[in-house]
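Dear colleague,

I am passing on the structure we spoke about, and below it you will find my notes on what came out of it. Please read them with the model open beside you.

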Amino acid sequence: MRINKKKFIYLISPNKIKKSFYNDLIEILKLKKVSFFQLRLKDMSFKKKFLIGKKTQKICNKYKTKFLINDDVLLANRLNSDG
């Protein structure tokens with residue numbers, strides 16, 4: 001029996017999102033080596049997290065990367081994230 005041991009990279013966002021973040025994320029996800037991306041934002045309003053999450057999720061979807069939300073079930077539900 002042959003077992004496929006697929007390796008994956010689990011990428012976590014920085015706590016502060018700079019302007020270059022989205023372009024950097026695109027460049028990394030283009031390599032098709034990241035399987036999961038976790039949005040981990042602390043000390044930020046729900047509205048701001050939602051806007052960042054929506055934009056980030058769109059990028060993840062384009063590059064077929066699972067989009068996860070850390071520590072915010074309401075945000076995960078609102079964005080219909082992968083986890």
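How many helices and strands are there in the protein chain? There are three helices and three strands, where helices (H or I, at least four residues) and strands (E, at least two) are DSSP runs numbered from the N terminus. This is a predicted model, in which local features need pLDDT of at least 70 and side-chain atom pairs count only at pLDDT 80 or more, while totals for chains, interfaces and linings use all residues. Residues are numbered from 1 along each chain as its sequence is written, and side-chain values use heavy atoms, with hydrogens and water left out.

From the N terminus on, the elements follow the order β-α-β-α-β-α, and the C-alpha atoms fill a box of roughly 50 × 25 × 20 Å along the principal axes. Of the 83 residues, 35% count as buried, that is, under 20% relative accessible area, with exposed meaning over 50% and partly exposed in between (1.4 Å probe, protein chains only). Among contacts (heavy atoms within 4.5 Å) with a separation of 6 or more, 65% are between residues 24 or more positions apart.

The axes of α1 (residues 21–30) and α2 come within 10 Å and cross at roughly 20°; such axes are lines fitted to C-alpha atoms, for helices over the stretch in contact, with angles running from 0 to 180 degrees between N-to-C directions. That makes α1 roughly parallel to α2, a label given to angles under 35 degrees, whereas those over 145 are roughly antiparallel, 65 to 115 roughly perpendicular and the rest oblique. Where the two helices meet, F21, Y22, L25, I26 and L29 of α1 face contacts with I52, K55, T56, I59 and C60 of α2.

T65 lies in the loop between α2 (46–62) and β3 (66–69), and it counts as buried because its relative accessibility is 3%. Leaving aside residues up to four places away in sequence, T65 touches L29, V34, S35, F36, F37, C60 and D82. Its side chain reaches the backbone oxygen of V34 at 3.5 Å.

K54, by contrast, sits in helix α2 and is partly exposed, since its relative accessible area is 49%.

Notes:
Polar contact = N/O pair within 3.5 Å; in protein donor to acceptor, adjacent residues only side chain to side chain.
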